[in-house]
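Subject: Structure handover

Hi,

Here is the structure I promised. Please open it alongside this note; what I found follows below.

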Amino acid sequence: MNIEQNFAVGETAVSQGISHKNRVYSAGEGQALVFLHGPFGQEWNPSLTRLAENYRVVAPEIPGADDPADLTQLLNFWDLIVYYDELFDNLGLDNFVLVGHSFGGMIAAEYPAVFRSRVSKLILIDPMGLWDDAYPVADFVSGERDELERLMWVSGAPSHADPFRPRTDIDPELATEELLRKFLSVAAAANFAHPIPDKGLHSRLHRIRAPTLLLWGERDRF
């Protein structure tokens, strides 16, 4: 399957006409399915390959992961929501399936509550966005690594699962570039989610028209 990494297709004008060019992965044919990634960045994985057998999968990277200067123009979470709406315009997306994981789930939950007619189905995978004192969201930015591992894995994380461990199966220069993008992605997600990821979604959930599937790991404490 041909996986296109298109750096120009993600261009969209926001914040006083400033254009942002961000990485957009795309593959497959059929109805569009947009996948919004979690805080550790966008990558093409086997799950997206499977989805691309039946959908045109579009997986954009969060603003700031390629160019931190984006964050000087997108000043808050609502700027980010508008950014994605304009990105979908530029990509010619309408009546699409929207899938969001973790931080991407936070965006995916808010988007159809604001822009109500574009999303045909909504899938939220361990989304952030609501705050519960009994189950506070783990600090993925400054939290202790051992604590994050305890929250994210049932019986200890495999060595390859550390998002900040440089890959050894690719060129070292590419591995360094990939690691830097992960750090920038976490910084961008923190920029929009700070100080807590609850932006009042509970008062807007009733506006979502799309049939919605919520997936949450039974033993997920992250």
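Ala-32 has its bridge partner in strand 6: Arg-56. That pair belongs to strand 5 (residues 32-36), which runs parallel to strand 6 and is joined to it by 3 bridges. Two strands count as paired when DSSP finds at least two bridges between them. Strands here are DSSP runs of E, at least two residues long; helices are runs of H or I, at least four; both are numbered from the N terminus. From strand 5 the chain passes through helix 1 (residues 46-51) to reach strand 6, a right-handed β-α-β crossover. Right-handed means that, with the strands pointing away from the viewer, the path from the first strand over the helix to the second runs clockwise.

A note on the source: this is a predicted model, in which local features need pLDDT of at least 70 and side-chain atom pairs count only at pLDDT 80 or more, while totals for chains, interfaces and linings use all residues. Residues are numbered from 1 along each chain as its sequence is written, and side-chain values use heavy atoms, with hydrogens and water left out.

Strand 6 has another partner. Strand 4 (residues 24-27) runs antiparallel to strand 6, with 4 bridges between them. Tyr-25 sits opposite Ala-59 there. Strand 6 (residues 56-60) is largely enclosed by the rest of the structure, because 4 of its 5 residues are buried. Buried means under 20% relative accessible area (1.4 Å probe, protein chains only).

Now the helices. Helix 5 (residues 172-193) has 22 residues and reaches 31 Å from first C-alpha to last, close to the expected 32 Å. The expected span is 1.5 Å times one less than the number of residues. Its buried residues include Glu-178, Arg-181, Lys-182 and Phe-192. Helix 2 (77-90) and helix 3 (103-114) are among the elements that cover the buried residues of helix 5.

How do the axes of helix 2 and helix 3 cross? They come within 10 Å and cross at roughly 75 degrees. The two helices are therefore roughly perpendicular (65 to 115 degrees). Axes are lines fitted to C-alpha atoms over the stretch in contact, with angles from 0 to 180 degrees between N-to-C directions. Contact means heavy atoms within 4.5 Å. Among the residues that meet are Phe-77, Trp-78 and Tyr-84 in helix 2, and Phe-103, Met-106 and Tyr-111 in helix 3.

Overall, the protein chain has 5 helices and 9 strands. Of its 222 residues, 43% count as buried.

Best wishes

Key:
Buried means under 20% relative accessible area, exposed over 50%, partly exposed in between (1.4 Å probe, protein chains only). Angles under 35 degrees count as roughly parallel, over 145 as roughly antiparallel, 65 to 115 as roughly perpendicular and the rest as oblique.
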